[in-house]
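Here's a quick briefing to read alongside the structure.

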Amino acid sequence: MSALGLLFTVAGLALIGWLVARMRAATFRRPRVARFSALPAHHGWFVGICTLAPPLIFLAVWSATAPALVTDAVLATPAAAMLPPPGFERASILSEARELGAGRSQGAFHDLAEKLAPAYARAQHRYDTIATAAALLLAFAGGALAFTRVRPDFAARTQVERGVMLMLLVASLIAILTTVGIVASLIYESVRFFRLVPAGEFLFGTHWSPQVVDSRDPGASLGALPLFWGTFFIGAVIAMAVAVPLGLMSAIYLTQYARPVTRRWMKPTLEMLAGVPTVVYGYFAALTVAPAVRELGVAIGIRWASSESALAAGLVMGIMIIPFVSSMADDSIAAVPAAMRDGSLAMGATTSETIRKVMLPAALPGVVGGILLAVSRAIGETMIVVMAASGVATLTLNPFASTTTVTKQIVDLLTGEAEFTSAKTLAAFALGLTLFAVTLALNVVALVVVKRYRESYE
Amino acid sequence: MTFPPKIQARDVSVFYGDTRAIDHVSIDVAQDNVVAFIGPSGCGKSTFLRTLNRMNDTVASARVDGQILLDGEDIYAPDMDVVQLRARVGMVFQKPNPFPKSIYENVAYGPRIHGLAAARADLDEMVERSLRRAGLWDEVKDRLDDSGTALSGGQQQRLCIARAIAVDPEVILMDEPCSALDPIATAKIEELIHELKGRYAIVIVTHNMQQAARVSQQTAFFHLGQLVEFAPTSDIFTNPREERTRDYITGRYG
Ligand SMILES: Nc1ncnc2c1ncn2[C@@H]1O[C@H](COP(=O)(O)OP(=O)(O)OP(=O)(O)O)[C@@H](O)[C@H]1O
Ligand SMILES: [Mg+2]
């Protein structure tokens, strides 16, 4: 039976269990004093869940362990004695044999694979049969056991509730475990990198040229300081120089000055900026802004004005970030109690005095939190810098010069031929980990600041 | 009374969009009187109070008809400077709303924005005088740099009164200034109103009949946006002319 067929069969069994239990429960006579502790539907669901859950759990565990069992069985056959010792070749022969055995490929590169293929097919078939039988048995057993409990006084309702709770718990655990897994693999690869290159050299080295890594001293050309600087310069300095004033001012206009009608169309329009795909910003930066910035640089007499300048990438990134800043600022200004504003206006302050002296100071923590979140987004932003920033790492304060960023370098390191053991490739993971640590820290700080601020107005 | 009234409202109607919240109200507030506004919830007391310093301007849908004169000057005239008007007609709100600044800065706020103090010493003196008048000085004189929001509710409300009188207004509007306070803090505010009487014209909205009787010389009873009766407080409470007033103050409805 195919895997899909098996799933359908199990689901069918569950459906039958649901129906039967419902029907049976429907025949219960209404007790004279107490109310039913569960309705027929609850009994149905109880039996259905008990039918469905055991085989599903079994199959999930099975699908993780079965391939190893199959391989073990194949290795036990006489033909396997001819396999080379563990290593790359052995693994590739085995995987070829598996594909052949499953009928997913026609011919094989190694002769041995063809010999092993039937053994694979046989072992696979045997274990599949076992799995099918076990799953069906579990479904029957679970369903039958549950069915015997369907009695008028059985609290199926609470049992179903528990089942639902477990399901929801599993769903949220999956998301959490995935995150943990991703971070763990990031850390694992980074540790491998830091075995080749000392952390100090990586974090504080000023020379970055991954194209010419000397395998005896990889740290010498993998100093990431210029990347960190470039990232900070583009994402936290130039982009914020654009996004903070513009975002803040538009938030003030929208919350304090704009009439409701104006606000109704202006706010969504502004927020639409956030919906523009970053790749669109990317080519806008590369094709329109970068040349213009270069010309401006040349015009004001900067000889080394690059066509991949930090300024171009930063400007466009700033535009992209405006809606984040403005909507965070908007929220925090709107969260300042109206009484505060009225109090100031009633003293004879003008609207702008009220904003400057009362609203903004009161909203400041929220605004700062919003800016930190925006920075964390900006330094993690990839598309714009991949398209518009340069690949050359320079430690410079000149916005017209070319600079590169962490994200851009990660992309460069991992595209093309990647060898997963070289210091060069592993450096991408170390960069990723550093970036992750910084954005995480920024987010945590921002959330703490914003939360503290919200509480002060509860 | 020989003085002309401080505030004269002539035929004032207020609309929120199309709904009428105040219906042709005329009332005079004398120079040195305390006037209480009473009436059931939603009858328009706050709305009318807020027309007197044009705080209704901040409500986009609000529109005011009729005439309100302050010392004979139409405050809704096109050339009226709202900033100056609000400095002359101060306001204290239902919920204490000190700014999230120090106690000192709260009181200094008005003098600063209106440029009343030439030097720091002047400002210090204004702050002290206002806090003294508000009966708060002794409680806060050692912690002027603490945040105004860290005070108790009653202290906060007196701070707001100090803030309002720091710019030397001629009229003080109070919208249920004690409704968020306990009886002791309420008594302090009432005592304060007694002391401020004579120096400022005071209009106070209250739901508390005893309070109206205690602090005011004149009482206005509003009902459904109309001014039902406006008379000396003693008359309103002992011998009201209108049936509706009697029903309200005896607690038969509202
Ligand atoms: N901003 C507003 N927009 C629209 N309608 C309003 C607004 N403010 C008040 N109103 C309406 O105007 C009427 C009078 O309200 P107002 O707040 O003046 O009553 P009040 O007498 O102060 O009541 P309370 O004693 O509960 O404070 C009410 O019907 C209210 O719904
Ligand atoms: Mg009111």
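A crossing counts as left-handed if the near helix is turned anticlockwise from the far one by less than a right angle. Keep that in mind for the helix pair below. Note too that this is a predicted model.

**Helix pair in chain A**
- Helix α7 (residues 225-257) and helix α8 (residues 260-272) of chain A have axes that come within 10 Å and cross at roughly 155°.
- Angles over 145 degrees count as roughly antiparallel, so that's the label for α7(A) against α8(A).
- The crossing of α7(A) past α8(A) is left-handed.
- On the α7(A) side, the contact takes in A:S250, A:Y253, A:L254 and A:T255, which meet A:T262, A:R263, A:M266, A:K267 and A:L270 of α8(A).
- Sorted by class, that contact has 4 nonpolar, 3 polar and 2 charged residues.

**Sheet in chain B**
- Chain B has an open sheet of 4 strands, running β2-β1-β4-β5, with antiparallel pairing.
- The edges belong to β2 (19-29) and β5 (73-74) of chain B; each has a single partner strand, so one side of each is left without a neighbour in the sheet.
- Further in, β1 (residues 7-16) and β4 (residues 62-70) of chain B are joined by 8 bridges in the antiparallel sense.
- B:V14 has B:V64 in β4(B) as its bridge partner.

**Where the chains meet**
- The contact involves 17 residues of chain A and 22 residues of chain B.
- Between them the two chains bury about 1,600 Å², with 67% of it on carbon and sulfur atoms.
- In chain A, the residues losing the most area to chain B are A:A346, A:M347 and A:K357, together 39% of what that side buries.

Key:
Residues are numbered from 1 along each chain as its sequence is written. Chains are lettered from A and ligands numbered from 1 in the order in which they are written. This is a predicted model: local features need pLDDT of at least 70, side-chain atom pairs count only at pLDDT 80 or more; totals for chains, interfaces and linings use all residues. Side-chain values use heavy atoms; hydrogens and water are left out. Two strands pair if DSSP finds at least two bridges between them. Helices (H or I, at least four residues) and strands (E, at least two) are DSSP runs, numbered from the N terminus. Axes are lines fitted to C-alpha atoms, for helices over the stretch in contact, and angles run from 0 to 180 degrees between N-to-C directions. Angles under 35 degrees count as roughly parallel, over 145 as roughly antiparallel, 65 to 115 as roughly perpendicular and the rest as oblique. Contact means heavy atoms within 4.5 Å. Ala, Val, Leu, Ile, Met, Phe, Trp, Tyr, Cys and Pro count as nonpolar, Asp, Glu, Lys and Arg as charged, and the others, Gly among them, as polar. Buried area is the accessible area (1.4 Å probe) that two parts lose on being put together, summed over both.
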